[in-house]
Amino acid sequence: MIAQATNRILDQFGTPIQKPVAKPQILRKPPPVHASFDAARDSTDMQNYWANADALDADSANSKSVRAKLVQRARYEVGNNGYADGLVQTHANYLMGTGPTLRMRTRNANLNEMVEAAWKQWTKAVQLRRKLWCMAHAKTQDGESFGILRNNPGLRSRVDLDIVLVETEQVQSPKIIPYSVGYIDGIRYDQFGNATFYDVLKFHPGGQFAWSGTEFESIAAKWVLHWFQMRRPGQHRGIPEFRSTLNVGASSRRWREATLAAAETAADYAAIIHTNLTPDGSAEDMAPMNSIDFDKRMMTALPMGWDVSQMKAEHPGTTYEAFHSSQVNEMARPKSIPQNLAMCNSSGYNFASGKLDHGTYFLTIDIEREDCADTVLDPLFERWMERAIPAYGWGFNADIAELHSWDWPYHPIGDPESEANATDKKLKNGSTSLSQVYSEQGLDFEDHIAEMASDYGIPVDEMRAILRKQNFPVVTQTEALAQQQTPQGGQQ
């Protein structure tokens with residue numbers, strides 16, 4: 001009883017206060033939320049627009065027939081549209097330039113120099129820069145490029161490894177068979193999605209020897225360089241990178257031809273004879289669509305009731321230039337190519353606009369170069385090193401090939417003075433190094449410092465000391481100690 005009493009609250013008269021009984025809460029159902037995406041609606045206006053949308057996977061969407069049609073149309077457009085041709089070539093030029101340079105990164109300077117020299121000699125023998133440019137061009141135009149590594153005994157190099165380029169049509173299934181697990185149109189894959197073999201036709205199906213049949217060879221994946229832009233998970237083949245703007249190029253050419261045809265039609269009619277009178281006999285009779293020849297600077301009289309006028313020069317229209325510029329800009333957008341590069345005309349640009357546009361494009365170039373290093377250069381260098389070690393009699397393991405990087409040609413600079421000042425400031429505050437600066441320009445600092453020392457007739461170590469004092473004028477502890485030990489004024 002005491003325990004129960006202590007748990008009660010009493011009023012001033014000692015009467016227990018009853019706790020209020022809580023009313024049950026009524027849970028109301030929240031109002032329905034009517035929210036959706038406009039793009040998910042099946043309205044009458046947009047139903048036809050989304051009629052071609054599908055749920056196919058990457059390989060089915062990029063099927064053999066689809067790729068064949070896109071490749072044919074992309075090649076046709078590049079061959080007949082000057083801007084499309086220029087876009088593909090300009091991108092290949094900026095992407096490859098004079099070609100990447102091998103940079104060995106072992107701690108043995110002599111080994112680095114030896115391997116780099118052998119690699120450079122081999123690249124000249126196989127014309128690697130030229131073939132890489134062709135692969136970059138084919139990747140942009142056709143969507144993918146292939147390089148087959150083969151033995152070439154006639155190669156003027158100790159390493160007889162060569163690269164044979166083939167077009168996308170040669171890598172395909174030799175027979176008409178449906179897609180199967182692990183076999184996607186001429187490429188066989190393991191359970192992890194890694195390519196194991198490539199079926200390559202001996203002759204191009206559109207070439208003069210296509211009549212010989214579907215002879216092919218299965219080549220191990222380690223001897224095949226396959227470069228394409230992978231944009232979807234599970235994608236195994238590439239498609240033209242300007243696929244989204246192929247119709248833009250076609251419409252641009254149609255607009256140009258229509259404008260030219262309209263201007264020619266207007267120019268063909270030197271003058272038109274017309275009358276505003278009714279055909280009641282007040283005007284002399286003339287045969288409709290009748291043509292009259294006349295000479296230059298002649299004087300003539302027209303039939304009574306008739307007048308003469310010329311066609312108005314309405315072509316090209318005032319919107320022609322703006323429309324044409326917009327078309328070229330849209331054509332170049334898939335590769336982030338600035339409009340002034342796409343049109344090869346910077347008359348409407350200022351320096352700030354050009355720099356901003358080029359920054360986006362240079363980022364695209366850097367990403368694509370790294371993709372090239374992963375899929376083309378690194379596998380190629382690994383196969384080359386396996387051949388070079390026994391060919392040159394080097395006494396180290398092929399695993400040393402992993403200790404390397406690639407120096408690419410530097411991006412063109414619009415303001416060299418500002419860039420040089422920025423580089424000088426970074427060197428002085430230690431945020432960069434001379435090796436990094438030279439690497440960004442596609443050069444080897446070790447090679448150039450040796451050349452500079454030779455030009456000035458001094459040792460390389462002395463050249464390094466000069467450069468260090470130029471960038472870090474602070475006296476080091478060793479130099480300060482040497483100055484303290486040196487008598488001032490030549491006296492003790």
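Colleague: How many bridges join β4 to strand β5?
Modeller: Strand β5 covers residues 187-189 and runs antiparallel to β4; strands here are DSSP runs of E with at least two residues, helices runs of H or I with at least four, both numbered from the N terminus. Two strands pair if DSSP finds at least two bridges between them. The model is predicted, so local features need pLDDT of at least 70 and side-chain atom pairs pLDDT 80 or more, while totals for chains, interfaces and linings use all residues. Residues are numbered from 1 along each chain as its sequence is written, side-chain values use heavy atoms without hydrogens and water, and the bridges joining β4 to β5 number two.

Colleague: Which strands stand at the edges of the sheet?
Modeller: The open sheet has four strands in the order β4-β5-β6-β7, paired antiparallel. Each edge strand has a single partner, so one side of it is left without a neighbour in the sheet; these strands are β4 (183-184) and β7 (216-220).

Colleague: What distance separates the end C-alpha atoms of helix α4?
Modeller: The expected span is 1.5 Å times one less than the number of residues. For the 17 residues of α4 (residues 64-80) this gives 24 Å, which agrees with the distance between the end C-alpha atoms, 24 Å.

Colleague: Within what arc do the buried residues of α4 fall?
Modeller: Buried means under 20% relative accessible area, exposed over 50% and partly exposed in between, with a 1.4 Å probe and protein chains only. The buried residues of α4 are R67, V71, A74, E77 and V78. Seen down the helix axis, with directions taken to the C-beta atoms, they line one face, because they fall within an arc of 135 degrees.
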